[in-house]
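Reader: Can you walk me through this one? I'd like to start with confidence, then go to the rings.

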Amino acid sequence: MITDHSPSSRTLAGSAAAFSLLAMLAAFPLAGAAQYRSSMQDRPEPKAKPGVPFERAVSLSDLWYVQSSEKAKGAGEEISKPGFKIDSWYPAIVPSTVLGTLVQNNVYPDLFFGKNLEAVPTAPFAVSWWYRKEFTVPLGPGLVHTRLEFDGINYRANIWLNGKKVADAATTYGAFRRFSIDVTADVKTTEKNVLAVEVIPPKKGEPTIGFVDWNPAAPDNNMGLFREVRVRATGRVSIENPFVVTKLDLEGFKEARLTVSAELVNHADADVSGTLEGRIEGLRFSREVTLGPKEAKKFEFSPETTPELVIKAPRVWWTHDLGKQELYLLALSFVLKKDKADEAAAPAPPPEEEKAKSRDKAAAKIPGMPRVMPSDARVVRFGIREVADYRNEQGHRGFKLNGRKVLIRGGGWADDLLLDAPAKKLAAEVLYARHMNLNALRLEGFWGTSQALYDLCDRNGILVMVGWSCHWEWENYLGRPADEPYGGITTPELIDLVAESWKHQLLWLRNHPSIFVWAQASDMVPHPDLERRYIEIQKEVDPTRPTLVSTKGKTSEITGPSGVKMLGPYDYVPPVYWYVDTKNGGAYGFNTETGPGPQVPPIESLRKMIPEDKLWPINDVWNFHNCRGMFKTLDRYNEAMDRRLGQAASLEDYLRKAQFLNYEGMRAMFEAFVVNKPKATGVIQWMYNSAWPKLWWQLYDYSLQPTGAFYGARKAGEPVHILYNYGTQEIAAVNSSFAPSPKLKASIRVLDFGLKEVIAKVLDFGLKEVIAKTIDFGLLADEVKTIDALRPPAGITPTFFLDLRIFKEKGQLVDANFYALSAKPDTLDEAQATWYVTPIKDFADLTALAALKPVALNIKAKFDKDGPQTKVVVDIENPSPGLAFMVEIRVIREATEEPVLPIYLDDNYITLLPKETRRISGLFLTDDLLGEVPKVRIRGWNATDPLK
């Protein structure tokens, strides 16, 4: 009997961290998309409010109105004036897409259910759509200059303010350009302003937002104001693009040298003098500045000129698995110098300035308003850290954080199909990465409707790879000729557009410590003319990070080979693939996108996307919720299930086998890259999340339901871990942390299908066999060590089991890992390998698992509310002489039996040996119970639920 009622100290520490993170998650609005959508039409128009003192920029998010240009009765001049009738217009929140707004207003209900998305017409989105907003500008002494800022317009826009056209579609275009429009002469300071934006959809051949083959394209091609719109008020001088560069002492982290820079822009027609002031916590620094008329100039504080920027004993930013996520705030302000002689000699101001002075006097009387207001102020969050790349002995590229080599373990991110994920869901998705022991996300594209995703990764210690998508590299997606090696961005006009877009995105995101590399291309390489532009831009804008010329193993004629690979697979492969493949996607180098193919979710999720009469057998509705191109069916996944596990007799049987495939396949991939360090430098599971409800490429599904793949990834990423190498048949122990782990012991047990012990060893890591005593041993920091070779005796049952555990000195369980193995291994047909899969020549035989007898488990569950979150502790006992295989623990709401999501359990899909008990802990937000009572339910391969 193996009993464990004490979670490891690491688990307790992780739970404490998760509690604080869930508290943060609880701060986000509770209302889900459905609640929000149903109430949109009943929301009243908010009354105009005066600008809030001290605010230089105000987000124009709530409330806009949207209508098709075919139905809007009027031109831009009329629409952008007070009193224009918008009775038939749709209320909207910005950022939004047109289709997202229509869904929020129930024009297209249940869009993602069945094949409803297919029924949405595209004709309504072939014309332009209007966005209309009434707003007031920020007030404060000296705020005389006003701009409108657009972070993302897809794709072109004519912009009108108070009856005047302030921007034209001929110049206002490009999904990834940012626009700042001077409206000082046209804005009203004492009454409402009316803003009207005519958004024109992208045409074929224009580099817009795209999801490639991950899911269907949105019928409106994501047209709209998909990122934030702001009104910014400043004095005569504004601060633009503040940036903090950190140079860290990598030996002992005793010192950090900071360089702070920003651009100052004089919007006046005369010389301006003043003081640029900076503050980083208790540190202060400043310099006197003079700018000529309309001059824009970059200013810099360096450690050489500003000793205050040499930080002793700095707090260093790390990924969550290696340390704390320390963040600092930089506050910059510019205060104008007052010259009384100049003021006396100055001519009488025009009436507009007299109005501004009157407004300033009124604002100055507001309680708490400082006597001297800066012309502009900016606040930037940053982290002290360094990122760099390196080449290993085989020439593969890897990455370093603060001088330490880091195995990149991540997933490929995608935004919601309608670009409208609620803030609370976004936070949960980033927390899931942390909970799965991943340390990175790859954004194939510059995703995010704001900087919220990047802020969350900063706070949660998740590295981010950001760059362009392959959407512009293939003709069928871009809509214009595109071919290797440069894709479709080859004309001077497009090169200019994309280069400028690149600069805008780098300026927008460069202060985020989580971003560790910029990717200039995905499947191809940029045209040489474009790459030269990229190099110039990055040298000027952000020389602090490495660049990938391609996330595929391409070679640039300018900068040479990328050093990474993108060789698949993308469809089902067996666990052994990752260990034995040495030519394609196997565990060597940095595989920037790969994975074992489909991850079919549990029944609750299927019912949210597939009608009841289409749930079984598999049919065209299932296929509609697959991916596209080569990945529109589950054929290879189903063949592997049939041949390895036996043909599914029912939907319930299919789904339990699917979760086994999900868990087994994902665990093997991540374990192979971990055990193959330093030959392996990184792996990105394709994909991490889902843009809509689907059956492929996901570690959890669209509703935040973890699959077996979720917990397979979490298991493989345990900091101190024991694993089975399918290729060499060796047992290895891994310490992925930067701290040594001393005084451990490993338990290795091989059981035949009848659970008879064939091999039972307790080994120290000096390979000495121990039977009746404990031997101290340990792992060094960031060490991989082979501790045994598995050699099952001849005649072992066709299906057998391997139980691996690591214990601390006093018997405390550190890691448990259980494998169902076949005496007949999977073998690959490598001669028939393609870019997306290596076929299987012979399948392993695990069909005996179908004969496992039902096991009745004993379950005790306890719930403890702690502030906004609830902790659940589940004690599971297997009192039987049989194996309880792949037991899934679920927390549900009692009345509706709906799962509580998101959920953070420290283990799941566990296997219990005869007479074994296990304690599993977890966390969830109390509000996600929606007022119901929580209950624990279990299901699994052969486990029966005693609580039903």
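Author: pLDDT is the predictor's confidence in each residue, from 0 to 100. This is a predicted model. The protein averages a pLDDT of 90. A score of at least 70 is reached by 89% of the residues.

Reader: Where does pLDDT stay under 50?

Author: Residues 29-53 are one such stretch. The model still gives them 45 contacts beyond four places in sequence. Residues 362-370 are also below 50. That stretch has twelve contacts beyond near neighbours in sequence.

Reader: How should I take those contacts?

Author: With care. Where pLDDT is low, the predicted coordinates should not be read in detail.

Reader: OK, rings. How many aromatic pairs does the structure hold?

Author: There are 58 aromatic pairs. One of them is F631 with W697, a tilted pair. The centres are 4.8 Å apart, with 55 degrees between the planes.

Reader: Where do F631 and W697 sit in the chain?

Author: In distant parts, 66 residues apart. F631 is in the loop between α14 (620-624) and α15 (635-645). W697 is in the loop between β33 (680-685) and α17 (708-716).

Reader: Buried or exposed, that F631? And W697?

Author: F631 has 1% relative accessibility, so F631 counts as buried. W697 is also at 1%, and therefore buried.

Reader: What about W835 and Y836, and why is that pair called edge-to-face?

Author: Because their planes are at 70 degrees, and over 60 counts as edge-to-face. The ring centres are 5.2 Å apart. Y836 is buried, with a relative accessible area of 13%.

Reader: Which residues do ring pairs link into a cluster?

Author: The cluster takes in F176, F226, F446, W468, W472, W502, W518 and Y534.

Reader: Now charges. What lies over the face of Y702? And of Y819?

Author: K425 lies over Y702, at 3.6 Å from the ring centre. For Y819 it is R667, at 3.8 Å from the ring centre.

Reader: Switching topic. Where is A856 found?

Author: A856 belongs to strand β44, residues 855-856. Its relative accessible area is 48%, so A856 is partly exposed.

Reader: What is A856 in contact with, leaving aside its neighbours in sequence?

Author: P879 and T944, once neighbours within four places are set aside.

Reader: And how far is A856 from N942?

Author: Their C-alpha atoms are separated by 8.7 Å. Along the chain, A856 and N942 are 86 residues apart.

How values were computed:
Residues are numbered from 1 along each chain as its sequence is written. This is a predicted model: local features need pLDDT of at least 70, side-chain atom pairs count only at pLDDT 80 or more; totals for chains, interfaces and linings use all residues. Side-chain values use heavy atoms; hydrogens and water are left out. Rings of Phe, Tyr and Trp (its six-membered ring) pair if their centres lie within 6.5 Å; planes under 30 degrees apart count as stacked, over 60 as edge-to-face and the rest as tilted. Helices (H or I, at least four residues) and strands (E, at least two) are DSSP runs, numbered from the N terminus. Buried means under 20% relative accessible area, exposed over 50%, partly exposed in between (1.4 Å probe, protein chains only). A charge sits over a ring if NZ of Lys or CZ of Arg is within 6 Å of the ring centre and within 35 degrees of the ring normal. Contact means heavy atoms within 4.5 Å.
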